[in-house]
Amino acid sequence: MANARETDVTQRAATLRYLLAMVSVLALAALLVAGPEGVAWTALAAAVAVATAPRLPVTQIMRLQGSIPMPPGLATDLEHAAPILARKAGLTRPPALYLQLRGGALAFSTGDAHNGAVAISRGLLRLLRPDELEAVLAHEIAHLASGDIRIMRMAEVIATATRMVTMAGLFIVLWVEISHPDAAVSPWMVIYFALAPAGVVMLQRAHERGREFAADARAADLTGDGAALARALIKIDDVTMGPFRQFGRAAGMMLLPRFLQSHPSARQRVERLLKRP
């Protein structure tokens, strides 16, 4: 599993870079608002938020998402594949399988390597062949093995803290302008407060897209069949876009630019999978 180890090291390094970049943006905002003490208090508050954030049980999260435990016999191939893939990925135990009752052709996971769950929709069960379903399951197991949910929670805390600190900074600047008209306020500080939250979100989304690529690569290593995942992605994309594919893509780009999307395009993911040795 040399490829898997290499992918894991690369993924951890990328995660560290993105989180450090996000923390740097937050730290500078806190420094501008309240000096070194502001940085210290912001770091403490963020750490407390990460440590005390409520963590719902996996079963409750799945219930809130509209999923039920996978009925026996509905997805026997997945039931057989789950423990094998989990063992290869280094999970403590196989993820619980759920049937997603809402939405179209989709799959998602929650939890971690010790206690995870994967939901597969009815639409996906009908759409994909057994090897393609196994590839999708491997992708979700890769997310669990990498602790993606925990890392995304940390990134969201940093993004939220950045919004709060920069908003406070803008209020302080406004108060100074109103109460002390002669005071000199740097326009660069105002620009930074205005743009910092967007910068953190861009870093957050870029990191999420990178983790999707990493989960694809890990899934290909787990199954030994990257082409199966590529076929699954193409089928899901076709169903999702439907007959309005070109219009939908154009509208999507106008409403949500690529650098703000959490997932890479299916075309990008397929190209990377098919280029793998």
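**Salt bridges and their surroundings**

Analyst: Glutamate 208 and arginine 205 are 3 residues apart in helix α7, about one helical turn. Helices (DSSP runs of H or I, at least four residues) and strands (runs of E, at least two) are numbered from the N terminus. The model is a predicted one, in which local features need pLDDT of at least 70 and side-chain atom pairs count only at pLDDT 80 or more, while totals for chains, interfaces and linings use all residues. Residues are numbered from 1 along each chain as its sequence is written, and side-chain values use heavy atoms, with hydrogens and water left out.

Side chains of opposite charge can pair when their charged atoms come close. Glutamate 208 and arginine 205 form a salt bridge, with 3.2 Å between the closest N and O atoms. The term salt bridge requires a side-chain nitrogen of Lys or Arg within 4 Å of a carboxyl oxygen of Asp or Glu. Glutamate 208 is buried, at 13% relative accessible area, whereas arginine 205 is partly exposed, at 22%. Here buried means under 20% relative accessible area, exposed over 50%, and partly exposed in between, with a 1.4 Å probe and protein chains only.

Arginine 211 and aspartate 148 meet through their side chains in one, at 2.2 Å from N to O. Because arginine 211 lies in helix α7 (residues 187–223) and aspartate 148 in helix α6 (residues 148–179), the pair ties together parts that are 63 residues apart in sequence. Both arginine 211 and aspartate 148 are buried.

Aspartate 221 has a salt bridge to arginine 276, with their closest N and O atoms 2.5 Å apart. Aspartate 221 belongs to helix α7 and arginine 276 to the segment after α10 (266–275), so this pair ties together parts that are 55 residues apart in sequence. Aspartate 221 is buried, with a relative accessible area of 16%, while arginine 276 is partly exposed, with 26%. Elsewhere, salt bridges with shared partners join Arg129, Asp131, Glu132, Arg231 and Lys235 into one network. The structure holds 12 salt bridges.

Alanine 159 is placed in helix α6 and is buried, at 2% relative accessible area. Apart from neighbours within four places in sequence, alanine 159 is in contact (heavy atoms within 4.5 Å) with Met22, Val200 and Gln204.

Together, Met167, Phe171, Leu174 and Ile178 form a nonpolar surface patch with about 450 Å² of accessible area. Such areas come from the Shrake-Rupley method with a 1.4 Å probe, and for residues only the protein chains shown count as cover. Patches consist of residues with over 30% relative accessible area and no salt bridge; like charges are joined within 9 Å, and nonpolar side chains (Val, Leu, Ile, Met, Phe, Trp, Tyr) within 5 Å.
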